[in-house]
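Please look over the sequence and the model below before reading on.

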Amino acid sequence: MGLLSEGERHENEVPLLENLYPDCPGCKCAYLSAKGAGPPVKELFMITMIVICNALPISSLFPFLYFMVDDFHIADKKEDIGYYAGAVGSVFMFGRFLSSVPWGMFADRFGRRPVFALGLLSVIVFQLIFGATKSFWVAFAARFMLGLFNGMLGPLKAYASEVCNEENQAWGLSTVSTSWSLGLIIGPAMGGFLARPAMNFPSIFAQDSFFGRYPYLLPSIIQAIFAVAGLFVVYFMPETVHKHDNKHLSDDERSLIKSAKAPKEPMWKNKALMASIAVYCVWCFMEISFSEVFSLWCVSPREVDGLGLPTSDVGMVLAVSGASVFVFNMTVFPIIAKYLGPILVTRVPAPTDQRGAANGLSLSCVSLFRTIGPAGAGAIFAWGQSRHDAKFLPGSQLVFAVMEIFVILAIFTTFPPILPVSANRPYYLTHPQEEKEDDDEAR
């Protein structure tokens, strides 16, 4: 029990209170996380759908962002496009940085489903504006508003942990990460193949057609359709946040509830939580920086040290890389997480009524790093293209060398004392009695 937080030890000792609140939505679905329950397949499928809708706007623009900024005619020369592309790529995360903690607190108080619904509505509205605009500043503002209203990911992680019992936590985490990987497959492929359709498919779309005049709208329309389907899914998702009305209870029942409430510890005092968030931030910074730089490098002209590839090829390459992550998460990750322990922020102990806020804090910090990543990487990329004749690290070599340094730093952050061993909680380490039972059955 030494590996459990104070809140979790208290929760494990508390009697079941579901019978006291027959109308509480959280109590009604408590059977999903009961000991011995199987993986909640239906709920995990719903989570998959919502996470994909959340991931598409983030990843779909990278294959065509260079051309979109070029079409805005805001850059004085080709070498400067990286600066503006980095700004558009990062402002979404800045908006999410500002709003993630409030959205997490909102989800803890009013429920997970309202946050999912509002986030999906923001995808429909602002993604369509982004795809249809011909102004850099309108695109910039649309991406900022999309990030500001997109507070789904933190509550989604909390939701995944709430519908799974301790034994199935790896499946909940794997569902979120796998769905994210699916978004990384579908998003770049969608953006790469569907953007600039008059150029990629001239036999179907003429240059003077609607999509010829609005070359970046088609991917946004498809994403809006996904979001509408996501709203339909949210309607059928069970709510996991408990809403208790104590007015009808007796004094003895109120005393029981009061004793069941674990004391809240400020999240920033949870060293395992904050250390895991810090490590997560570094890895996310590296991941989104590489995604943007790689896409810019692929589509930029050869005369500025790029590859000069079309958007469809870039989308295919990013989709293949996302597919490899998807296969890993589906086949290897659940096994490793169960027996070795997942070093992820969503497995760090947090009381039930703080999970949304804790994941919101994580998402806010990560969004800050993901804001710095594309902006900084885009600036270094543009600087590198302006010095493609330099003798030391010319052109794109500069930005990839910087990326390699961050890869090394990211690996070091996973070791103590930065990431404490207590953040890694394999299931059979916290439940040794069940491991013994399995061994006895095997014999």
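## Charges over rings

Which residue lies over the face of Phe 67? In this predicted model, Arg 196 takes that place, at 4.1 Å from the ring centre. A charge is said to sit over a ring if NZ of Lys or CZ of Arg is within 6 Å of the ring centre and within 35 degrees of the ring normal. The charged end of Arg 143 is likewise placed over the ring of Phe 130, 5.5 Å from its centre.

Residues are numbered from 1 along each chain as its sequence is written, and side-chain values use heavy atoms, with hydrogens and water left out. Because the model is predicted, local features need pLDDT of at least 70 and side-chain atom pairs count only at pLDDT 80 or more, while totals for chains, interfaces and linings use all residues.

## Aromatic pairs

The structure holds 24 aromatic pairs, where rings of Phe, Tyr and Trp (its six-membered ring) pair if their centres lie within 6.5 Å, and planes under 30 degrees apart count as stacked, over 60 as edge-to-face and the rest as tilted. Phe 94 and Phe 97 form a tilted pair, 6.2 Å centre to centre with 35° between the planes. Both lie in helix 5 (residues 81-110), three residues apart, which is about one turn of the helix. Phe 94 is partly exposed at 34% relative accessibility, and Phe 97 is partly exposed at 26% (buried means under 20% relative accessible area, exposed over 50%, partly exposed in between, with a 1.4 Å probe and protein chains only).

The rings of Phe 116 and Tyr 159 have centres 5.9 Å apart and planes at 80°, so this pair is edge-to-face. The pair links distant parts of the chain, with Phe 116 in helix 6 (residues 112-132) and Tyr 159 in helix 8 (residues 153-162), 43 residues apart. Phe 116 is buried at a relative accessible area of 0%, and Tyr 159 is buried at 0%.

## Helix 12 and the whole chain

The buried residues of helix 12 include Leu 217, Gln 223, Gly 230 and Val 234. Among the elements that cover the buried residues of helix 12 are helix 3 (41-59), helix 6 and helix 9 (169-194).

The chain has 20 helices and zero strands, where helices (H or I, at least four residues) and strands (E, at least two) are DSSP runs numbered from the N terminus. Of the 443 residues in the chain, 52% are buried.

Conventions:
Contact = heavy atoms within 4.5 Å.
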